[in-house]
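Please look over the sequence and the structure displayed here before reading on. The paragraphs that follow lead through selected features in turn.

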Amino acid sequence: MTTGGAVYLVGAGPGDPGLITARGAELLQKADVVVYDRLVSSAVLALAANAELVYVGKEPDTPSEFQTFINERLVVAASAGKTVVRLKGGDPFVFGRGGEEAMALAEAGVRFEVVPGVTSAIAVPAYAGVPVTHRDIAAAFTVVTGSEDPAKPDPQVDWKALANVGGTLVVLMGWQSLPAIVRTLLAEGRSADTPATVTQWGTLPNQRTVSGTLADIVEKGNEAGITSPVVTVIGGTAALRPALRWFDRTPLFGKRVLVTRSRTQAGTLSALLTAHGAEAVELPTIAVRPLADTTALDAALADLTGFDWVVLTSTNGVDAVFGRLEAAGRDARAFSQTRVAAIGPATAAALSSHGITADLMPTAYTTRSVANSFASLDIWGTRILLPRADIAPPTLPDGLRDMGADVTDVTAYHTAVPDDAAAAARETLASGTIDAVTFTSSSTARNLVSMLGSAELINGCKVVSIGPVTSKTASELGVRVDKEAAQHTVPGVANAVLEVLGDE
């Protein structure tokens with residue numbers, strides 16, 4: 001091997017980002033360059049936050065010479081010492097031309113590794129409720145590419161053998177050629193009443209499946225408007241779909257929900273929504289920025305023993321505080337003489353990760369509830385440090401001061417509208433494909449309305465708010481709030497979305 005770089009041929013799986021392997025996800029996070037195909041989902045690409053992304057997707061009419069260009073691109077990048085992930089849909093060695101690319105790398109002396117992926121040949125039927133084998137129905141299954149016309153002279157695929165081999169036949173990339181494949185199978189003796197399914201965009205929230213028989217599956221698929229990409233299953237197990245379908249029965253299947261949290265925090269809500277079958281469309285309306293001048297925050301943290309309480313209102317506040325403590329060479333021991341209050345379980349969990357258990361956490365996760373919780377304590381004359389966002393409302397410090405506390409309200413971090421977010425917001429909501437919009441703070445509501453210029457596009461969707469303060473802000477901005485989370489937490493927001501969309 002002659003290069004310090006390396007190429008990793010990684011299978012991205014069939015589409016659902018949860019199906020990429022742990023090894024694949026690890027490599028994406030370390031990659032310098034990611035060379036990816038047409039069917040790789042944006043959620044999987046998001047794992048490669050620090051990499052250069054190179055699109056080499058092929059359309060049906062892409063010249064065959066393009067593969068040579070891809071091979072050369074991989075060799076050049078690795079020869080420059082870079083860590084290159086060649087990200088391919090499904091598995092790189094199942095009709096992904098991964099073998100050709102590996103051979104090109106081997107011939108060039110480039111170090112490479114193959115990371116298998118979940119192939120759509122088994123994953124897509126599984127998401128459609130069709131097992132490729134079954135003890136009583138099919139003891140074997142065959143996977144074949146549908147990109148070859150069976151009517152051409154000397155086809156590589158032995159369609160006569162496939163028509164008579166029995167078991168389950170899985171055809172990949174074969175929607176355009178499916179009519180010819182069906183005719184050939186029928187002509188070679190496969191029964192016309194053999195059950196069949198076609199599944200478009202398998203494992204994704206917009207998955208669609210049509211069931212029929214070998215005699216009518218093409219007609220039914222055309223009537224339903226099915227287009228590529230499609231996986232076709234032909235065989236007795238396809239008849240099990242009515243009983244075994246599960247993915248397209250999840251309560252939020254087919255729904256698209258806008259997640260407006262910051263990019264670093266959106267994942268938890270997105271995962272909860274996805275678990276219910278929804279497509280989480282992440283559109284961060286908040287970007288957390290570090291302070292340009294940390295003088296005031298540093299001074300407050302240097303004198304923590306002078307405070308009776310520190311009140312933290314978000315995970316961002318926790319991160320900012322401990323970031324400054326670590327910069328000063330300090331750790332959780334700085335809080336040894338100080339009690340700590342937290343708003344919400346996520347903030348408490350962030351504290352716990354630094355070895356601190358919150359002394360006070362209200363049952364309702366709002367700043368007003370924190371003030372009410374302190375009302376049961378004698379805080380007259382106590383000193384309270386409140387490190388939080390630059391745009392945080394005065395409700396909490398005013399309430400604490402009304403109870404006689406001496407409050408130091410210090411900015412711990414800045415919030416801003418992400419770059420280029422306005423255009424993305426208008427395009428996303430103007431598409432008319434968003435079923436619900438979620439707001440997890442007043443800032444998310446305020447920023448989204450500011451991006452759009454009005455609440456009109458938002459009010460075309462169902463709107464879910466995390467709690468009364470956020471609901472009030474949204475209403476003042478002209479947004480109609482359809483559902484407020486019973487628990488003012490991210491899981492509470494997911495449950496509220498389930499309630500407002502699950503019965504539609």
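**From a loop to the core**

Gly355 is located in the loop that links helix 13 to helix 14 (367-375); helices (H or I, at least four residues) and strands (E, at least two) are DSSP runs, numbered from the N terminus. This is a predicted model, in which local features need pLDDT of at least 70 and side-chain atom pairs count only at pLDDT 80 or more, while totals for chains, interfaces and linings use all residues. Residues are numbered from 1 along each chain as its sequence is written, and side-chain values use heavy atoms, with hydrogens and water left out.

Gly355 counts as exposed, with a relative accessibility of 64%. Here buried means under 20% relative accessible area, exposed means over 50%, and partly exposed lies in between (1.4 Å probe, protein chains only). The C-alpha atoms of Gly355 and Asp331 are 9.3 Å apart in space, although 24 residues separate the two in sequence.

The chain as a whole may be considered next. It contains 19 helices and 20 strands, and its C-alpha trace spans about 90 × 60 × 45 Å along the principal axes. Of its 504 residues, 50% are buried. Among contacts (heavy atoms within 4.5 Å) with a separation of 6 or more, 67% are between residues 24 or more positions apart.

How do two of the helices pack? Helix 12 (residues 315-327) and helix 13 (residues 345-352) have axes 8 Å apart and pack at an angle of about 25°. Axes are lines fitted to C-alpha atoms, for helices over the stretch in contact, and angles run from 0 to 180 degrees between N-to-C directions. The two helices, helix 12 and helix 13, are therefore roughly parallel to each other; this word applies to angles under 35 degrees, whereas those over 145 are roughly antiparallel, 65 to 115 roughly perpendicular and the rest oblique. On the side of helix 12, Thr315, Val318 and Phe322 take part in the contact, and they meet Ala346, Thr347, Ala350 and Leu351 of helix 13. The residues of this contact comprise 5 nonpolar, 2 polar and no charged ones. In this division Ala, Val, Leu, Ile, Met, Phe, Trp, Tyr, Cys and Pro count as nonpolar, Asp, Glu, Lys and Arg as charged, and the others, Gly among them, as polar.

Phe322 and Leu351 also belong to the largest nonpolar core, which has 26 residues; together with Phe335 and Leu385 they touch the most other members. A nonpolar core is a set of buried Ala, Val, Leu, Ile, Met, Phe, Trp, Tyr and Cys residues joined through side-chain atoms within 4.5 Å. Helix 12 provides the largest share of this core, 5 residues. Beyond its neighbours within four places in sequence, Leu351 is in contact with Leu312, Val318, Phe322, Val340, Ala342, Ile356 and Ala358. A second, separate core has 21 residues, including Trp175, Ala196, Ile217 and Val230.

Some features of the backbone remain. Most residues other than glycine have a negative phi, and most peptide bonds are trans. Ser228 and Pro229, however, are joined by a cis peptide bond with omega about 0°, and Pro229 is in the loop between helix 8 (217-223) and strand 10 (230-234). Met173 is not a glycine, yet its phi is positive, about 55°. Met173 lies in the loop between strand 7 (168-172) and helix 7 (178-187), and is partly exposed, with a relative accessible area of 47%.
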